[in-house]
Amino acid sequence: MDHVVYLDAKEKELDKLRSGQKSMIIRGAAGRKLPHGRVHPGEVLWFVENSGDGLVRCCATVKKVFSSEKLTEEESQKLISDHQTMLCLTPNQIKRWGGKRYLVLIEVEDLQEITPFAVDRSSYGNMDDWLPAEDIESIKKQPL
């Protein structure tokens, strides 16, 4: 399974992954929403910055995944704190994710720069930051 993952451009998440400062990404919500329980080791994440151009610029392989059970605010904060060296979150990001009832921590490896390409989002009804795709080729936009 392939996944298109939008990263926070303002917080320079992709730059931190590229430099090796960061090796883990986080998602969280009040309920079990994507990617909770839907991403597994060995799958490929295709990274897009949420800066507007919509181009996939890098990919990485999922090394490990932790999908939490329901957490208290304190447990959520502790989980983030315990993994902060790999997450490399800014104070704004800690504020955003801390206290979420469900967290997903995804460790990645083998980050690769790729020739940028766009994806067709038309089959996705929502504007989510995580798009599961059976195969990346099936949602790649063809160049004009």
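## Close-up views of a predicted model

**View 1. The largest pocket holds about 310 Å³ of space.** Keep in mind that the structure you are exploring is a predicted model. The largest pocket is lined by 20 residues, and Tyr-6, Asn-50, Arg-121, Asp-128 and Asp-129 lie nearest its centre. Two or more lining residues come from each of strand 1 (2-7), strand 2 (24-29), strand 3 (44-49) and helix 4 (91-97). Helix 4 gives the largest share, three residues. What kinds of residue make up the lining? There are eight charged, seven nonpolar and five polar residues in the lining of the largest pocket.

**View 2. Lys-22 sits in the loop between helix 1 (13-19) and strand 2.** Is Lys-22 buried or exposed? Lys-22 counts as buried, because its relative accessibility is 2% and the cut-off for buried is under 20%. Follow the side chain of Lys-22 and you will find the backbone oxygen of Met-24 at 3.4 Å. Leaving aside residues up to four places away in sequence, Lys-22 touches Glu-13, Lys-16, Leu-17, Met-86, Leu-87, Cys-88 and Leu-89.

**View 3. Strand 3 is mostly covered, with five of its six residues buried.** Strand 3 pairs with strand 1 in the parallel sense over six bridges; look for Val-4, whose bridge partner in strand 3 is Trp-46. Strand 3 is also joined to strand 4 (residues 55-67), this time antiparallel, by five bridges. Here Val-48 has Val-56 of strand 4 as its bridge partner.

**View 4. Five residues lie between the strands in the hairpin of strand 3 and strand 4.** Which residue of this hairpin takes a positive phi? That is Gly-52, with a phi near 115 degrees.

Notes:
Residues are numbered from 1 along each chain as its sequence is written. This is a predicted model: local features need pLDDT of at least 70, side-chain atom pairs count only at pLDDT 80 or more; totals for chains, interfaces and linings use all residues. Side-chain values use heavy atoms; hydrogens and water are left out. On a 1 Å grid over the protein atoms alone, a cavity is a set of points where a 1.4 Å probe fits but cannot get out, and a pocket is an open set with protein on both sides within 12 Å along at least five of seven lines; lining residues have an atom within 4 Å of a point. Grid points are joined across faces, edges and corners, and a volume is the space filled by probe spheres set on the points. Helices (H or I, at least four residues) and strands (E, at least two) are DSSP runs, numbered from the N terminus. Ala, Val, Leu, Ile, Met, Phe, Trp, Tyr, Cys and Pro count as nonpolar, Asp, Glu, Lys and Arg as charged, and the others, Gly among them, as polar. Buried means under 20% relative accessible area, exposed over 50%, partly exposed in between (1.4 Å probe, protein chains only). A polar contact is a pair of N or O atoms within 3.5 Å; within protein, one must be able to donate a hydrogen and the other to accept it, and residues adjacent in sequence count only if both atoms are side-chain atoms. Contact means heavy atoms within 4.5 Å. Two strands pair if DSSP finds at least two bridges between them.
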